[in-house]
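Please walk me through this model in plain terms, from one part of the structure to the next, with the residues named.

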Amino acid sequence: MLVSDFFDHLSGWRIIASPAALDAAPWPQGSQVVRISPDDVFLIGSEEPSVPGDPWAIVTPELGFSIATVHDLGALAEQHIEWALPTTRPSLAQGQIAGVPAKLVLLADGSTQLLVACAARHELQERLV
Amino acid sequence: MSRVVYDGTPIEYDEGDTLAIAAVRNGQHPARGGTLCLAGDCGNCVAIVDGTPWVRTCQTPARPGSVVRRHPSGAHPSPGGPEQHTAVAVRHRRAHHVVIGNGESGAAAAAAARAQGDTVLMLDAADGNEVVGVFDGPTIIVRTPSGIDQLHAHHITLATGAAEIHPVCPGNMLAGIYTPRAAAAAQAAGVDLGRIAVVGRNLVAIHGEVGVSAIELADGTVIECDTVVADLGSAPRDLLARMAPMVPVSVVGPAAAAHALPPCPQEGVVCPCGKITVEDLDGVWSKGFNELELVKRASLTGVGTCQGGVCMPHLRAFVAERSGSEPQPFTARPAARQLTLGEAAAGYHIDTFRRTPLHAEHVALGATLDKFGGWYRPWHYGDPVAEYWAVREAVSLGDVSTLGKMIVSGPDVVEALERLYPNHVHDIKVGRARYVINLTERGHILDDGMILRDADDRFTLTFTSGGASTAEMWVRDWVETWGLKVHVLDRTVSHGAINVTGPLAGELLRRAGVADEERPKFLQHRRLAVAGVPCHVMRLSFTGEASFELHHQIDRSVELWQALMHLGQPLGVRPHGLQALFGLRCEKGHILVGQDTELDTSPRRVNMDWAVKLDKPAFIGREALVRTARLPDERRLFGFTMEGPAPLEGSVIRPVGGAADDVIGHVTSSWNSPLFGHAVLMGWQKRAPHADVVEIDGREAHVSPVPFYDPEGARARL
């Protein structure tokens with residue numbers, strides 16, 4: 001099995017702000033920070049965060065993603081990913097997996113999370129079977 | 001010994017035999033004739049193997065029970081194949097250095113690369129790894145016994161060697177002709193080739209009925225034999241190198257060596273794949289196709305199974321003799337090996353079709369789902385007319401989660417939106433909303449939606465379901481181009497949306513806990529709890545009735561939907577699908593961008609100048625609209641009514657009594673209105689003077705002002 005057969009609904013916050021403000025933001029303890037782009041953070045499992053450095057920051061609940069655990073990253077990449085994976089951890093990789101837009105969070109402990117929009121979760125699950 | 005079935009007859013084979021060797025061991029030609037190379041270079045051994053046509057039997061190991069049928073004589077096999085119930089597996093593999101061909105030169109290249117510290121992957125057809133194509137990337141597509149490999153490499157070395165040249169002369173499609181290496185391979189396998197005649201470039205003809213009985217040499221000598229071994233030299237196997245000229249491919253060994261062309265062919269079959277003769281080539285040459293690529297295209301020489309592997313040297317010699325100069329080989333294109341459709345499709349997916357958070361609810365309600373705008377959406381729930389009446393007379397729910405939704409915020413957000421949209425933005429008050437269209441720089445309608453002001457420096461934008469996928473890119477691209485400080489967050493897949501619509505919509509909201517005084521008025525929006533679910537409630541109308549779009553986090557969608565369905569039971573609530581929705585909005589004359597508009601539709605053409613404020617100093621498309629406003633433009637979208645069944649969308653609009661080819665437009669939207677009892681439709685008239693009466697489907701249709709329904713818009717404000 002490449003990934004866990006159950007995708008959990010992911011709960012967190014989405015923060016859009018200036019890169020400098022995100023770099024300096026005091027993220028709540030215990031939260032997982034996924035930096036999607038320089039101005040975009042997905043904060044998993046957290047209280048509502050604040051971004052003091054940017055009064056126009058968009059901070060909103062994010063419940064649009066599902067998460068699964070990747071059991072065999074090598075096999076997943078070999079069978080379903082055309083692009084090259086990052087060679088260092090921790091890191092975030094984004095692109096199509098089995099033709100579905102998705103994200104891979106490569107954690108420092110060697111584990112890997114698969115994030116996909118809830119709307120496309122079924123399609124990805126079917127394609128990974 | 002094991003057996004395979006060849007043309008219906010069981011034949012025995014030895015361990016290690018290919019299907020081609022098994023055939024010749026049993027006195028058969030694996031196809032129906034022609035020189036055998038037994039190296040995969042030609043198409044003279046292709047057959048139908050276990051239902052798959054065009055299989056090179058010289059590259060296919062014989063296995064117990066394999067069923068082989070030769071292609072029909074003089075015809076191509078049907079393109080069928082074995083039924084495949086599972087997708088062909090694909091593997092994405094990476095290597096720094098890929099060496100294709102594991103002969104002497106390939107092994108040397110691999111050793112040299114490894115000595116430099118490269119990881120090396122070697123591929124050879126003899127090992128079951130047939131390279132099908134080399135693409136930019138570089139990416140190498142390989143057919144393997146277990147599926148298709150997509151190899152991503154930094155460097156590619158081609159060590160594919162050289163292919164032996166086949167004879168072209170009268171009788172060269174008989175059975176019993178071998179290249180030297182093929183004859184050696186057959187003999188090594190213990191095949192009895194009978195009386196063998198080894199011959200070189202002095203061969204002028206091969207005699208026989210089905211198989212070879214004799215050869216004739218240039219000096220007139222005739223030699224009786226069962227097998228001809230034609231030793232005519234070789235030509236580089238460089239098909240893959242010629243396939244991707246922009247890819248860093250190194251060619252080494254015999255594949256890179258200079259080889260002399262054979263003598264110009266005088267008679268016989270040049271292209272065994274297409275059975276194209278020297279006479280055929282002369283025919284196209286005489287018609288003026290006097291370059292190698294032209295001869296190829298006109299005669300189809302080189303486009304068959306072997307992709308020029310056999311015919312290229314002879315074709316080049318043919319052109320060289322007639323033109324006086326030696327032409328370069330023609331362009332090579334994938335695939336270098338025949339693929340099944342399943343293999344060609346391996347690893348490729350159709351578009352992703354998303355599901356709304358209410359997908360299971362729709363299925364449970366018996367909805368017929370359709371793929372629309374990249375989503376699975378309910379087309380109807382079994383009775384679209386009843387769904388229509390629920391909207392017009394009671395209350396109905398529609399799943400509009402697919403709408404594009406975006407939050408924009410920043411110190412420059414008003415300036416950015418003023419430039420993005422042709423409507424005024426600065427005067428939208430907090431808590432109010434405005435319908436807007438988006439234009440291209442040419443002033444053509446790109447999409448439409450709403451602007452809703454959340455705060456002085458923050459807005460919510462909506463887009464059509466079809467336009468949502470490109471909306472973020474469109475906004476970001478312009479904002480960054482202008483250097484404005486605006487944050488952008490797409491919420492399309494994170495927020496669900498339910499449209500509560502109908503004259504009893506307000507009553508349903510009241511029952512869901514929204515006090516009358518809290519309900520937003522038309523074109524207002526407010527954040528409220530509906531049935532306990534936090535919602536951004538937007539008071540809009542696409543159906544023509546009072547409508548409240550309830551935008552919310554998708555984890556609460558099912559809870560909200562079920563609560564509204566339950567609370568609405570006494571009011572006659574039922575869900576409506578797209579079929580009813582499209583009819584409802586057609587009665588209101590609301591356009592569907594992409595259906596009622598064309599790629600070059602300006603606001604003027606759809607009578608929406610009111611949505612454009614040319615008094616604004618700048619917005620996307622303004623310059624084009626100012627310029628084209630001075631030009632005559634006869635194309636207009638009209639509303640029509642007609643008796644009888646509604647015509648199909650796309651139906652031709654003609655002048656009354658016009659000729660069959662006298663077309664003035666087409667129908668873009670069409671609906672049998674249950675309320676009016678006749679058809680209402682929209683469509684184009686593309687020339688002036690515009691007619692008041694036109695002909696559609698052989699019937700008269702009358703131009704009618706739109707909206708057809710509630711032109712004052714009173715019902716949306718109930």
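In chain B, strand 22 and strand 24 (residues 375–380) run parallel and are joined by two bridges. Everything described here belongs to a predicted model. Across this pairing, R355(B) faces Y376(B) in strand 24 of chain B. The two strands are part of an open sheet of three strands in chain B, ordered 22-24-23, with mixed pairing. Strand 22 and strand 23 (368–372) of chain B are the edge strands, each pairing on one side only. Behind any such arrangement is a general rule: strands of a sheet pair through backbone hydrogen bonds, either parallel or antiparallel.

The buried residues of helix 10 (residues 384–393) of chain B are P384(B), E387(B), Y388(B), A390(B), V391(B) and R392(B). The cover over these buried residues includes strand 24, strand 25 (396–399), strand 31 (495–501), strand 35 (574–575) and helix 15 (578–588) of chain B. As background, an α-helix has 3.6 residues a turn, so residues three or four places apart point the same way.

Further along chain B comes a set of antiparallel strands. Strand 28 (residues 445–455) and strand 29 of chain B are connected by a hairpin through two residues, and four bridges hold them in an antiparallel pairing. Within strand 29 of chain B, F459(B) is the bridge partner of R453(B). Strand 29 of chain B also pairs with strand 26 of chain B, again in the antiparallel sense, over six bridges. Here G404(B) has F463(B) of strand 29 as its bridge partner. How many of the six residues of strand 29 (residues 458–463) of chain B are buried? Five are, so strand 29 is largely enclosed by the rest of the structure.

Chain B is divided into domain 1 (2–70), domain 2 (354–401 + 494–585), domain 3 (404–490) and domain 4 (634–718). Between the C-alpha centres of domain 1 and domain 3 of chain B the distance is 66 Å.

Next, the chain as a whole. Chain B contains 16 helices and 41 strands. Its radius of gyration is 36 Å, well over the 27 Å that the globule rule gives for 718 residues, so chain B is more spread out than a compact globule. Taken along the principal axes, the C-alpha atoms of chain B fill a box of roughly 110 × 60 × 55 Å. Of its 718 residues, 47% count as buried. Among contacts in chain B between residues at least 6 apart in sequence, 66% join residues at least 24 apart.

Leaving aside residues up to four places away in sequence, V530(B) touches L509(B), A512(B), G513(B), V514(B), C535(B), V537(B), L550(B) and L560(B).

Chain A is the partner. Its two domains are domain 1 (10–63) and domain 2 (66–128), with C-alpha centres 22 Å apart. Chain A has an open sheet of five strands in the order 1-6-9-8-7, with antiparallel pairing. Strand 1 (8–9) and strand 7 (91–97) of chain A stand at the edges with a single partner strand each, so one side of each is left without a neighbour in the sheet. The partner of strand 1 of chain A is strand 6 (residues 65–70) of chain A, which pairs with it in the antiparallel sense over two bridges. In that pairing D8(A) stands opposite I67(A) in strand 6 of chain A.

Definitions and conventions:
Residues numbered from 1 in each chain as written. Chains lettered and ligands numbered in written order. Predicted model: local features only at pLDDT ≥ 70, side-chain atom pairs only at ≥ 80, totals over all residues. Rg over C-alpha atoms; globule rule 2.2 N^0.38 Å. Buried ≥ 20, exposed ≤ 12 C-beta atoms within 10 Å, placed from the backbone. Contact = placed C-beta atoms within 7 Å. Pairing = 2+ DSSP bridges. Domains from an automatic or database assignment.
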